[in-house]
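Visitor: I have just opened a structure I have never seen before. Could you show me how to read it?
Guide: Gladly. Let us look together.

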Amino acid sequence: MRTVELVIVGGGPAGLCAAKLALEAGLEVVIIDRADKLGGQLIKQTHKFFGSKAQYAKMRGIDIAKLLINEIENHQNLEIFTSTTVVGLYPDLVLTIYDQKKYQKIKAKRVIIATGASEKVLAFENSDLPGIYGAGAVQTLMNLYGVLPGKEVLMVGSGNIGLIVTYQLLQAGVKVKAILEAGSTIGGYKVHAAKIRRLGIPIITNTTVSKALGTSKIEAVEIVKLDENWNKISGSEEIIKTDALCLSVGLSPLHQLLSMVGAQVKYISELGGFVARVNDNFESTVKGVYVAGDAVGIEEASAAMMEGYLSGLHVADSLNKPHPEQENLLKYYQDELELLRKGPFGLKTKIGIEKLKVGESNA
Amino acid sequence: MRITKHPILVFPEKKKVEFIFEGKKVSGYEGDTIASALHALGIMTLSYSIKAKRPRGFYCAIGNCSACQMVVNGVPNVKTCITPLEPEMVVFRQEDKGVLI
């Protein structure tokens, strides 16, 4: 069995950034990704990023992906496995990988889990009908493959993903009937919401989906008003015809490999679900297994990139191969990450991270 | 339904890829996944739930949720949302757990 210094699971923003600095530090790196190309979810994000220069502000996600991939893909110390799934991770840092044809084992000195997140679902009658998609799925279908989810779509959830995907649906020529929001206020940035509203798309607050109607696919949706405690107000139901229903109700970290390897995980709602406990160096409770990006708490891709860079630096240092600019870069990316978390949206993450630390001594 | 005009993205015309779905010859394009090709043809039911046999389409499109698993070239449980379409593939809707051996 071959041994490599660093195996990164997931070639999205966090994984690519971790790889970049680890390679610069002189490590041999393997990136494994389940998709047939690198880039993670950046490859479908046609919107321009916020933040600062460090997070490639004003660039579109699709272009950031190209840039990050270009920086590393021909590096002599990098090997890339695409269309390959990590199906096993064991405490001796052996990984079992499967590429649809054969199983192989790789031993790593360090592992960075940068698996990202999965889309949450919403429970309602007939929520499994074809034509009900996660918002990210619609983004993938449209922006990657150029296929439309339907002529008309109803969006559920007014967080940033819901708002951005609504805008992208409109760009692709799809009619968005409305955005439903269970809460009393719009979840995402005002600037995104304003853009949607200017185009005449209603954002209906205190409202959710109560059932989907249809036999072999979705044909209509019953919506219902909610009171301040999110209880359904009976008699307020309304039927809306639609080809597709798009659920943008949050993401959960993909923690499964961490649970499998025996790392301590804890349910933290502010971070999106089960997340691994990590120290300040992004190392989990299993020695040598690090976590970065959405896998360690849902934030934006900007934050995932910063965590990727930081984890790459920490791994290099732990193998006594610090990056030539180790201290400067650590400080730079740490400061950038703090800055990203300064706003009202970052507060939630900070609370989550604090909760994750509670009871740490009981390890 | 495919996008023809887009303010940011370009979707150049690509080579047709013929494949067999439920015994019928159909086609998608190079660069498609099996699921995106079927979707563009208006085929949204990719599998049936194991017990109640309810129709399932894809949900996540990134290989997480397993709703898109189909029988491809005789192999069950293929995640068609992340599997590139290839010429002459034989694709069936999956109706059970799938048997490997």
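Guide: We will go through this predicted model one feature at a time.

Visitor: Which scores does the model have?
Guide: The model scores ipTM 0.95 and pTM 0.93. For chain B, the mean pLDDT is 94, and 100% of the residues reach 70 or more.

Visitor: Which domains does chain A have?
Guide: The domain assignment gives domain 1 (2–118 + 251–362) and domain 2 (121–247). Their C-alpha centres lie 31 Å apart.

Visitor: How many residues of domain 1 are in contact with domain 2 in chain A?
Guide: On the domain 1 side there are 5 residues, in contact with 7 residues of domain 2. By class, that domain 1 side has 1 nonpolar, 3 polar and 1 charged residues.

Visitor: How should I think about a nonpolar core?
Guide: Here is the general idea: in soluble globular proteins, nonpolar side chains tend to be buried together. In this model, the largest nonpolar core has 139 residues. The members that touch the most other members are Ala18(A), Ala22(A), Ile113(A), Leu245(A) and Cys246(A). Helix α7 (residues 301–318) of chain A gives the largest share of this core, 10 residues.

Visitor: Why does this core lie between domain 1 and domain 2 of chain A?
Guide: Both domains give residues to the core, so it lies between them.

Visitor: What does Leu245(A) touch, leaving out residues up to four places away in sequence?
Guide: Its contacts include Gly131(A), Ile132(A), Leu154(A) and Val156(A). Val209(A), Ala212(A), Ile218(A) and Val221(A) are also touched by Leu245(A).

Visitor: How do I read a sheet?
Guide: In general, strands of a sheet pair through backbone hydrogen bonds, either parallel or antiparallel. In chain A, take the open sheet of 5 strands in the order β8-β15-β9-β10-β11, where the pairing is parallel. Its edge strands are β8 (132–134) and β11 (203–204), each of which pairs on one side only.

Visitor: How many bridges are there between β9 and β10 of chain A?
Guide: Strand β9 (residues 152–156) and β10(A) pair over 5 bridges, in the parallel sense. One detail to find on screen is Leu154(A), whose bridge partner in β10(A) is Ala178(A).

Visitor: What else can I learn about Ala178(A)?
Guide: Ala178(A) sits in strand β10 (residues 175–180) of chain A. Beyond its neighbours within four places in sequence, Ala178(A) is in contact with Leu154(A), Ile201(A), Pro202(A) and Ile204(A).

Visitor: Is Ala178(A) buried or partly exposed?
Guide: Ala178(A) is partly exposed, because 18 other C-beta atoms lie within 10 Å, and a residue needs 20 or more to count as buried.

Visitor: Which strands of chain B pair in the antiparallel sense?
Guide: Strand β1 (residues 16–21) and strand β2 (residues 24–29) of chain B do, over 6 bridges. Phe19(B) stands opposite Val26(B) in β2(B). The hairpin of β1(B) and β2(B) has 2 residues between the strands, and Glu22(B) takes a positive phi near 50 degrees there.

Visitor: What should I know about a positive phi?
Guide: Most residues other than glycine have a negative phi. Phe282(A) lies in the loop between β18 (273–276) and β19 (289–291) of chain A, and Phe282(A) is buried, with 25 other C-beta atoms within 10 Å. Asn77(B) has a positive phi too, of about 60 degrees. The place of Asn77(B) is strand β6 (residues 75–79) of chain B, and Asn77(B) is partly exposed, with 15 other C-beta atoms within 10 Å.

Visitor: How many residues of chain B are in contact with chain A?
Guide: On chain B there are 28 residues, in contact with 26 residues of chain A. From chain B, α1 (34–40) and β4 (55–56) each supply at least two residues of that side, and the largest share, 3 residues, comes from α1(B). By class, the chain B side has 16 nonpolar, 8 polar and 4 charged residues.

Definitions and conventions:
Residues are numbered from 1 along each chain as its sequence is written. Chains are lettered from A and ligands numbered from 1 in the order in which they are written. This is a predicted model: local features need pLDDT of at least 70, side-chain atom pairs count only at pLDDT 80 or more; totals for chains, interfaces and linings use all residues. Two residues are in contact if their C-beta atoms, placed from the backbone, lie within 7 Å. Helices (H or I, at least four residues) and strands (E, at least two) are DSSP runs, numbered from the N terminus. Ala, Val, Leu, Ile, Met, Phe, Trp, Tyr, Cys and Pro count as nonpolar, Asp, Glu, Lys and Arg as charged, and the others, Gly among them, as polar. A nonpolar core is a set of buried Ala, Val, Leu, Ile, Met, Phe, Trp, Tyr and Cys residues joined through C-beta atoms within 7 Å. A residue is buried if 20 or more other C-beta atoms lie within 10 Å of its own, exposed if 12 or fewer, and partly exposed in between; C-beta atoms are placed from the backbone. Domain bounds come from an automatic or database domain assignment. pLDDT is the predictor's confidence in each residue, from 0 to 100. Two strands pair if DSSP finds at least two bridges between them.
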